[in-house]
Structures are given as structure tokens and as C-alpha cells.
Amino acid sequence: MAVGKFPIEYSHIMMFARSVGDANNIYYDQDYAASTEPGGVIAPPTFVQASAQFDPDYFLRPKIGQEWFGSAKGPTGITPKPKSDAEKSGEKKESGSGGGLHAEQHYVYHRHPKVGDVLNATTKSGKTWEKQGRRGGNLVFSESITEYRDQNGELVVTATGVGVRTERPATSA
Amino acid sequence: MALKANELNVGDVHEEEVVRNLTRTQIVQYAGTSGDYNPLHTDEIYTTEIAKYPSVFAHGMLTMGMTGKMLTNYVGDGRLKSFGVRFTSQVFPGATLTARATVTAVRDEDGEKVVDLDVSTIDEDGTEVVKGNATARVD
């Protein structure tokens, strides 16, 4: 994820808090928030995930004018492509889902983002490792580390995500 | 509101029900706010017919977000220093989740008092869906 500008905005925080069922008034009432220890509306602990909204290339958001893999008239909006020779012979399989699954997420808070901050995010790859899955096949884990910095270049949140994909052993049919 | 180091003991537990009978609409709300519109979470037709799951399921990050509200309710606003989880089981519509923090240490770090917490969220069958830990600043 590379995000140039992630503005921390009150209404986005309010809607995010609603979506996780968090009734804490610090996310809904700016006057109340001013009376709390943080002194204003701050982001809930997992809010920086919503920086995806400001990533122009984020692949899990429909793009204007492009086909989307979710259902439309049929169960997927993607027009089937003619199969390649490799697909017909079974050497290459199409993946059934929109990518791997989320295995882990870790946050370190250097401070908590507050309304008015404009963060930027840069992501680098971390470790990768493999594990034998319970149903056979290899599980491939890969780590990505995102640093959220504020308008002064100060580190605000470090986010480490781990994704997992299944990879069938080369010997299986 | 903040926790006090001298009132905390290893083994102390704080527990909250963070959702009862999770609705597909709440998952849609989370897709809308987080920006993760993967149809696996909101589109029953795609998910059952194409991806071959029994049903749409919650974003792992929604479960983490709901677990996070238990933590901020316990330790206070702006007090978390770290929070990390592994997603150990999928959460489907209808789930009722209980999130729990257990004190594992009260210590000094960089001149501040902090509490270390084990974090665990279980569903109505007792299956753990999120497992992790957190550290928060205390008074």
C-alpha cells in the first residue's frame, strides 16, 4: 500500500466506529472528545486500515468503468476469457478467490492519529515463511510492514500485516 | 478512567460481548468504512457460487476492530501502545463474539508504567477467532 495523503477526518472516524459497533462518545461528539485525556477525536485502534480508501490502486475496491469480480447479472461481473492452452491442459489453475487471506495484524502506536492529521503510508515487504497446511498443500505466509507518518514526517503507527496463500505441492494433480 | 498500576494484578480479566448475532449489514458497513469491498464479505452469490464458501464472512479486521473496542473501553482512550492478533477462525453472520483481556504483566517501560495483556475473542461455541496481545500505558 502506498498512500500519499490519508487525511484523518471526523466523519470517517464516526462511521468507522459505528461499523465496529463502538459506542465510545469520543468518536461521535467533538465537545466531549475535547474534555478527554487525548483532548480531541482520535482514531480507533484499527482505523489506519481505512487508509485503503486513499490508495488509488487498492485492488479490493471496484474501479470506475472497469469490470468487478463480485456478482452482477451473473455470480461474477468478470466476462469469461477464452482459456489459454496451459489452463486447458490443467497446468495452470485459476484462483477461486480475490487473493490470500489475512492471517495476522499487529500495530505499534507511537501516538494515536487525531482529526486534522494528514498521514502518508509506505509499505515494504517483510519475512516470508511456509508451513504445511492441515489439508495438505503448502501455506505461504508473507509479511508487509506499513509505516504511517504525519505531516511533520514523524512516525505515528507501524502496521505489520501477514497474509497467507495456499500453494498446492508441485506433485499433486 | 485510566487503569492504575498499583490496582492491577496478573490474572485480572476484563471481558465484553462485542457483537450479538452479527448481521450482514454490519459487515457491509465495515466494508464501506474500511474500503475493503472484497465480495467474500458482502456478496453471498459470488461467495457461495464462485468462491465456494458456505456464506459471506466477516473481515478479520472487523473482528479485530470489535476486539479493539473492548481494549479501549478497558485501558482508556489513547492508551494503547501496541495491539496485535492472529486470525484463528472465520466469523460468519450470526456470530456472537466475546472479547477478553487478561493481565500478564505490570511493568516499567521507558519511564512509564505499562500493562501487558493477553487478548482472546471467542464465538458462541467457544471457538477462538482472534488471539493476540496488547500493551497499554497505565497510571
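**T72(B) and the chains around it**

The side chain of T72(B) comes to 3.2 Å from the backbone oxygen of K69(B). This distance belongs to a predicted model, as do the other values discussed here. T72(B) is part of helix α4 of chain B, which spans residues 60-75. Because its relative accessibility is 6%, and buried means under 20%, T72(B) counts as buried. Leaving aside residues up to four places away in sequence, T72(B) touches D22(A), Y27(A) and P45(A) in chain A, together with D77(B) and L80(B) in chain B.

The helix that carries T72(B) belongs to a chain with four helices and five strands. Along the sequence of chain B, these elements follow the order β-α-α-α-α-β-β-β-β. The C-alpha atoms of chain B occupy a box of roughly 55 × 30 × 20 Å along the principal axes. Of its 139 residues, 55% are buried. Where contacts in chain B link residues at least 6 apart in sequence, 64% of them join residues at least 24 apart.

Chain A, which supplies D22(A), Y27(A) and P45(A) to the surroundings of T72(B), contains three helices and five strands. From its N terminus, the order is β-α-α-α-β-β-β-β. Chain A has 173 residues, of which 38% count as buried. Its accessible surface is about 10,200 Å², and carbon and sulfur atoms account for 51% of that area. For contacts in chain A between residues at least 6 apart in sequence, 56% connect residues at least 24 apart.

How values were computed: Residues are numbered from 1 along each chain as its sequence is written. Chains are lettered from A and ligands numbered from 1 in the order in which they are written. This is a predicted model: local features need pLDDT of at least 70, side-chain atom pairs count only at pLDDT 80 or more; totals for chains, interfaces and linings use all residues. Side-chain values use heavy atoms; hydrogens and water are left out. Helices (H or I, at least four residues) and strands (E, at least two) are DSSP runs, numbered from the N terminus. Buried means under 20% relative accessible area, exposed over 50%, partly exposed in between (1.4 Å probe, protein chains only). Contact means heavy atoms within 4.5 Å. Accessible areas come from the Shrake-Rupley method with a 1.4 Å probe; for residues, only the protein chains shown count as cover. A polar contact is a pair of N or O atoms within 3.5 Å; within protein, one must be able to donate a hydrogen and the other to accept it, and residues adjacent in sequence count only if both atoms are side-chain atoms.
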